[in-house]
2 protein chains.
Amino acid sequence: MTTIRDIARAAGVSVSTASLAVNGDPRVRPATRAKIEAVAASLDYHPSHVARSLSQGRTWSIQLLNPIEKTMSSGFFTRFVAGLHDGANLHATGVTLAAPSNAEGARTTLERMIRERRADGVVFMNVQPDDPLLDVALNHAYPHVLVGSAVRPDVVTVDSDNHLVALDVTRALLARGSRSILFLNGPEALGFTTARANGFLEAHAELGVEPHPDAVAYTDGTAAEGQRALAERLDAGVPIDAVIAISDFVAVAAMQILRKRGLAIPEDVRVYGINDDDVGRYSVPMLSTVDLRAYELGRTAADLLMNQVEENDTHPARRIVGHRLIERESSA
Amino acid sequence: MTTIRDIARAAGVSVSTASLAVNGDPRVRPATRAKIEAVAASLDYHPSHVARSLSQGRTWSIQLLNPIEKTMSSGFFTRFVAGLHDGANLHATGVTLAAPSNAEGARTTLERMIRERRADGVVFMNVQPDDPLLDVALNHAYPHVLVGSAVRPDVVTVDSDNHLVALDVTRALLARGSRSILFLNGPEALGFTTARANGFLEAHAELGVEPHPDAVAYTDGTAAEGQRALAERLDAGVPIDAVIAISDFVAVAAMQILRKRGLAIPEDVRVYGINDDDVGRYSVPMLSTVDLRAYELGRTAADLLMNQVEENDTHPARRIVGHRLIERESSA
DNA sequence: TTGTACGCGTTATCAT
DNA sequence: ATGATAACGCGTACAA
């Protein structure tokens, strides 16, 4: 294994000169630089990543902390990761994954990461707005980005405009004539769900439409619970001529229930999902949905994080990434 | 930030003793050990990860190299990652992700990783059996695991028994009475697809059934191409009373086409997917599929890799993870 | 422009 | 049982 000392020796210069040349420092004479580079190439020299990390106090890697393994299977998550990955790579830093199975595991993982300096920063995903994890990062002045919205204003976040997302979808449905819309929402604790609920209600208020008192169903976000909430209301005789679901999976699962009850989509019930997962692209009928630009969210998270790491820019930022309605068959 | 020197000083011992105590070496007297541990705790000492890496020549992290970003969105991938993650964590090592967008990027990523010693090993995913990437790892005697099958016998692999998977599914369909089965296969270059094709054919041979000459369709594995291949044969009048798809997404996409042509599932056409993705759990009808035990595959990959890293056990291993048919509505 | 010397934090070797 | 010291490989003041 060839070190920078080997290069220096072989090129007949000192280690520091070799180091300068290798790192493209301008104050080394072109001739010696060429000599050194030639030697480095011929000896297949590549600087050790850890050694560099130690001396610079930087690991060149960030960590994605996602306590809820379940949600990994969505296309949203993977597109987000792709964006994060690409964004980090622009700064020559890698992405490492942590998927602790419970809250305690998440905490110890984060604390170890910070104190052992395993990563330069952390991206929180599927974490509640007031999660103690955020305080841990804040207390250590550790670079971080939360995907979603936070209670404390000093947390750096990137998010969709969830109020507007729900507003847009609900408006679209109301404009088509739907008057009994069921909103299969996610867990209330996650924060962005209440923003969506508000958007849902505001759209109704705009038109003076009174939503059914049971129109917003908070569930755990799984398809099974979404199905249960829908079936429950159907059984209770709650009028439903449209469904907005927290995710495309829940939407498709809801369509399954509707179909079994002999309800036609979109004729009897219009359906809208959120996320633009592949699942809605191949459902029958094809699912209308909202593209949350997951890749863009990931890229933005990387930008915000790398900025803290490199510029030491610690003042809180909150960035919003735009969304886009995708009208397909299920809401015609 | 507190280093081991601080501990040593505060405890009134030498650095080496402090190090031994912290690492639980038995040859330090209980009394001094207690003293040192108390000091370490009170100073909130945690050893630096990079420093340890430098001194030990080990990064305590492995890399997952997945050149094909597209395939990340499947539940298969995410369950695999979860298994890999958990398996690696048992050895206190993390998982970092690399998703280069093309073959060249993959090669440079791998070469840098090896030469800069960024990771202790690599897991190859969605890589062809004869991919030059494998030679790179082999030439550097770099710990590695390929998910799938390889041409060179010295590549360490973990895989499903793809021959048997196809055999099992085809047998099940033939047993139900299907006689004109279309196999919407993946890209031929990926290797495991031909194993599956063979299993498909063998099941036919067992019963003396002659498959249609166009019964095996090699596609790029996307839903769109699967749909195209199916529609093409339907248009050409190829008889089809069952479809086996390379993935659940392709299966669901195929059902979409069949439905549009007025074909009932499973009455007119039985459908089988592979992977056990969520998408098939909420389709109408619910999709029969094969559980490839993705989590288990990930765990096994981690085991094989960590074994090479820690035991320096380099002799080639090939491990097979069992699968399981899941009968749902689409193949009744 | 180049070289010397030291720090980064840890573990390992070799004395004592 | 404990301590001094040398690696590990790199970057970088500081000096020349």
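Reader: Which residues touch the most other members of the largest nonpolar core?

Author: This is a predicted model. The largest nonpolar core in it has 83 residues. Those that touch the most other members come from chains A and B, and they are A:L64, A:F80, A:L84, B:L64, B:F80 and B:L84.

Reader: With which residues is A:L84 in contact, leaving aside its neighbours within four places in sequence?

Author: A:L84 is one of the residues that touch the most other members of the largest core. Leaving aside neighbours within four places, its contacts include A:G298, A:R299, A:A301 and A:A302.

Reader: Is helix α5 of chain A largely enclosed or largely open, and how many of its residues are buried?

Author: Buried means under 20% relative accessible area. In α5(A) the buried residues include A:F76, A:F77, A:F80, A:V81, A:L84 and A:H85. The helix is largely enclosed by the rest of the structure, because the buried residues number 12 of 15.

Reader: What should helix α5 of chain A span, and how far apart are its end C-alpha atoms?

Author: The helix runs over residues 75-89, which gives 15 residues at 1.5 Å a residue. The expected span is 1.5 Å times one less than the number of residues. The helix should therefore span 21 Å, and the end C-alpha atoms agree with this, being apart by 21 Å.

Reader: Which backbone nitrogen does the side chain of A:H85 reach?

Author: A:H85 lies in helix α5 of chain A and is buried, with a relative accessible area of 6%. Not counting residues up to four places away in sequence, A:H85 touches A:V95 in chain A, and B:L97, B:A98, B:A99 and B:P100 in chain B. At 2.9 Å, its side chain reaches the backbone nitrogen of B:A99.

Reader: How many residues surround DNA strand C, and which are the closest?

Author: The residues that surround DNA strand C number 25. Of the atoms of DNA strand C that come within 4 Å of the protein, 64% belong to sugar and phosphate. The closest residues are A:S16, B:M1, B:I4, B:R5 and B:S55.

Reader: Which residue has a side-chain N or O atom 3.3 Å from a base nitrogen of DNA strand C?

Author: Phosphate oxygens of DNA strand C lie 3.1 Å from a side-chain N or O atom of B:N23 and 3.0 Å from a backbone N or O atom of B:S48. For the base nitrogen, the side chain in question is that of B:R5.

Reader: Which element gives the largest share of the surface near DNA strand C?

Author: By residue type, this surface divides into 8 nonpolar, 13 polar and 4 charged residues. The elements that give two or more residues are α2 and α4 of chain A, with α1, α2 and α4 of chain B. The largest share is 4 residues, and it comes from α4(B).

Reader: Is B:P266 buried or exposed, and what is its relative accessible area?

Author: B:P266 lies in the loop between α11 and β9 of chain B. Not counting residues up to four places away, B:P266 touches B:E329, B:S330, B:S331 and B:A332. B:P266 is buried, with a relative accessible area of 13%.

Reader: What is the relative accessible area of B:D276, a residue that has a positive phi although it is not a glycine?

Author: Phi of B:D276 is about 60 degrees, and the residue is placed in the loop between β9 and β10 of chain B. Buried means under 20%. B:D276 is therefore buried, at a relative accessible area of 8%.

Key. Residues are numbered from 1 along each chain as its sequence is written. Chains are lettered from A and ligands numbered from 1 in the order in which they are written. This is a predicted model: local features need pLDDT of at least 70, side-chain atom pairs count only at pLDDT 80 or more; totals for chains, interfaces and linings use all residues. Side-chain values use heavy atoms; hydrogens and water are left out. A nonpolar core is a set of buried Ala, Val, Leu, Ile, Met, Phe, Trp, Tyr and Cys residues joined through side-chain atoms within 4.5 Å. Buried means under 20% relative accessible area, exposed over 50%, partly exposed in between (1.4 Å probe, protein chains only). Contact means heavy atoms within 4.5 Å. A residue is near a molecule or strand if one of its heavy atoms lies within 4 Å of it. A polar contact is a pair of N or O atoms within 3.5 Å; within protein, one must be able to donate a hydrogen and the other to accept it, and residues adjacent in sequence count only if both atoms are side-chain atoms. Ala, Val, Leu, Ile, Met, Phe, Trp, Tyr, Cys and Pro count as nonpolar, Asp, Glu, Lys and Arg as charged, and the others, Gly among them, as polar.
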